[in-house]
Amino acid sequence: MKILLSWLREYVPFTVEPAQLATDLSLLGLAVDAIEQIGDETLLDLDVTTNRPDCLSHYGVAREVAARYGLPLAAAGEARETPQRRHPKDSPVEIQATERCGRYSARILRGVAVKPSPPWLAQRLEMAGIRSINNIADATNYILMAYGHPLHAFDMDRLRDGSIIVRQAHEKERLRTLDGVDRELSTEDLVIADSSHAVALAGVMGGQETEISSATSNVLIESAWFDPVSIRRTAKRHGMHTEASHRFERGADPQITLMAASRCAEMILELAGGELDPAEVDASTRPPSRTTVLLRRWELERHLGMEMDPAEVKKILHDLGFLPKEKGRIGWNCTTPSHRVDVSREIDLIEEVARVYGYDRFPLRLPALLGEATHQPTDTGKENRLLSLLLGLGYDETISHVMVNRTTERYSDSVPVALSNPLSEEAAVLRTSIVPGLLAALQWNLNRGQENVRLIEFGRTYSREGDGFQERPVLGIAATGERVAAHVGAQGRDFDFFDLKGDVEQALELFAGGEARFEAAEMPGYYRPGHGCLATLDGSVAARIGQLSLGAAEDWKMKRPIFLAELFLDVLFSRPLRAPQAGALSRFPAVERDFSIVLPDGTAYETVRNTIAALEIPELREIQPVDIFRGKSVPDGHFSLLLRLRLQSNEATLTEADLADRSSRIIQAMESTLGARVRMGG
């Protein structure tokens, strides 16, 4: 929104320099993107947020400036003549779509002369970013930029029967809009029609058939209020974005429709001559309503952290149009003006007072502590236990977008859920995998010199199923860099697959329901072949672990090994957390025994471990693989595994006879079950 300072001064007599005004407007919530100088004119380019359509005009910004500096605000451009109220039976306007058009005002002029606008008007509009067309169209645009309410001018002689009907379009009804495009309409579109067919797309753009031309003599000025949702959907459906739709879809002011039309009519009389019909047209389908909000003094103080002068609070509210009325020692009853569609609660009023008073004027102060942090009632504690464990293992949590582009589909075989109204092509579908978001975060860190990165993300993935969709909770892990940093006296070590597997194993051990099994399996294409495995709990896949494929790493421009894990939380969270167990330390010494086991290639360590665990030796405390050896003394197709077992009793010191018995049972089990050749060490 471009604001001309000379135009702004017509409504409020400010004297501050443009740079200071830009700073103050930004503090008010109207961010100034740029200050431009065109000849003698200074322009501010404002970035107006969607909740402040009242500031999409010079008068709206002037209201903010007047409140900020405590200056008088000129009255809005009320018509100088006193119009007659037309009897409803004589009105040319009929509102059939009563839910989508709350008010339709109009003024009629006869005998006008259509010609180019005077230079001052054309130049002012063009500096504000609007092309000059002719004196009639320019007058409607001038009122738009002055007061923020969109208007449209019809050639009255081209309206069949001189009537205006506000209705929904007929199915496949056609309309050629002012941009020369023939559009096929839907019954969801709101149109302005005459007695025969549609002549304008309501709130978006007029039609060519009734546009103002050099032959126009009689003009109808339309000034209406349309439902914001309806206008937004129509503009989106037809791929149109106009100055009118930009304002209507954010919420126009229904109380200034007649004022805007009358002010525009008077301007046309000055520019094009003619005669103004003294009877006004003002059809309404809903009575005007305003919300009354109570602002309590103690709530204002609680939120702002200081006690404000009541007189100053009242003046700020008055200058913004809230008509405050004191309610004893309680506070103020405030009536929200029709142009402030964003204010409906007490906290909204508190924010209004704070931003006009100036956030920079509040003292620094910590809020009072009213209680300790607690978990949500629906929180079972499982996610927090997982998060605490992984944070303790050196991971950092990240959050990525759920809406992604379609290129991420390569990370899942699921059918994505497409959004019917995406914000952009970069957010066209819901993610089917959590991996791309993690990789993007990893890449962002690597590109900024962070070489040792370990990230986790709790989130959900989505997939299309029939006419609906399924969502699945997932925990993603991504890591690269060093596991142990090099320092004096010790060499560093890079993070590898087994580090990640160990971290995942610790995560799975938090949940009861049997030991996790890790098995080599065919992995999705974004994992490096032969460098991944699945973790199962009671036959259900609980996690996927591996290294990112070299091709995928190259796509992300990452040159070092990247390790990934995906934990499926629906499988994990269906199990209870494993109850912590504690016991007294044994006062009797522990004994270690080494076993050298020759096994056939392909034998999994898990098989060896389970074979020993199945013996249920009560004194067995730990099984630790120490070394793997392949050499001349080991037959081809075999390998030697050095196991170290730790035994300890809570009842007595283990004797040599006890140790011999336990060792014999272990050796016999491995020889008979695994076909191993076992030699015991000391």
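User: Helices of at least four residues and strands of at least two are DSSP runs, numbered from the N terminus. This is a predicted model. Between which strands does the loop with Lys172 lie?

Analyst: The model is predicted, so read each value as computed from it. Start with the two strands on either side of Lys172: one covers 164–168 and the other 174–176. Lys172 sits in the loop between them, so the names to give are E8 and E9.

User: Is Lys172 buried or exposed?

Analyst: The cut-off for exposed is over 50% relative accessible area. Lys172 has 57%, so this residue counts as exposed.

User: What is the phi of Lys172?

Analyst: Most residues other than glycine have a negative phi. Lys172 is not a glycine, yet its phi is positive. The value is about 65°.

User: What is the phi of Glu616, and is Glu616 buried or exposed?

Analyst: Glu616 lies in the loop between helix H17 (605–613) and strand E33 (620–629). Although Glu616 is not a glycine, its phi is positive, at about 50°. Its relative accessibility is 67%, so Glu616 counts as exposed.

User: Why does Thr432 count as buried?

Analyst: Thr432 is in the loop between strand E23 (429–430) and helix H13 (435–446). Buried means under 20% relative accessible area. Thr432 counts as buried because its relative accessibility is 11%.

User: Over how many bridges do strands E24 and E25 pair?

Analyst: E24 covers residues 453–465 and E25 covers 468–480. The sense is antiparallel, and the number of bridges is 13.

User: Which residue in the turn between E24 and E25 has a positive phi?

Analyst: The two strands form a hairpin, with two residues between them. The positive phi in the turn is about 65° and belongs to Gly466.

User: What is the bridge partner of Leu475 in E31?

Analyst: E25 also pairs with strand E31, residues 563–568. That pairing is antiparallel, over six bridges. In E31, the partner of Leu475 is Leu567.

User: What volume does the largest cavity have?

Analyst: Rolling a probe the size of a water molecule over the atoms shows where empty space is left. A search of the whole structure finds one cavity of 30 Å³ or more. The volume of the largest cavity is about 30 Å³.

User: Which element gives the most to the lining of the largest cavity?

Analyst: The lining is made up of Arg593, Phe595, Leu647, Leu659, Arg662, Ser663 and Ile666. Strand E32 (591–600) and helix H18 (656–674) each give two or more residues. By type, the lining has four nonpolar, one polar and two charged residues. The element that gives the most, with four residues, is H18.

Note on methods:
Residues are numbered from 1 along each chain as its sequence is written. This is a predicted model: local features need pLDDT of at least 70, side-chain atom pairs count only at pLDDT 80 or more; totals for chains, interfaces and linings use all residues. Side-chain values use heavy atoms; hydrogens and water are left out. Buried means under 20% relative accessible area, exposed over 50%, partly exposed in between (1.4 Å probe, protein chains only). Two strands pair if DSSP finds at least two bridges between them. On a 1 Å grid over the protein atoms alone, a cavity is a set of points where a 1.4 Å probe fits but cannot get out, and a pocket is an open set with protein on both sides within 12 Å along at least five of seven lines; lining residues have an atom within 4 Å of a point. Grid points are joined across faces, edges and corners, and a volume is the space filled by probe spheres set on the points. Ala, Val, Leu, Ile, Met, Phe, Trp, Tyr, Cys and Pro count as nonpolar, Asp, Glu, Lys and Arg as charged, and the others, Gly among them, as polar.
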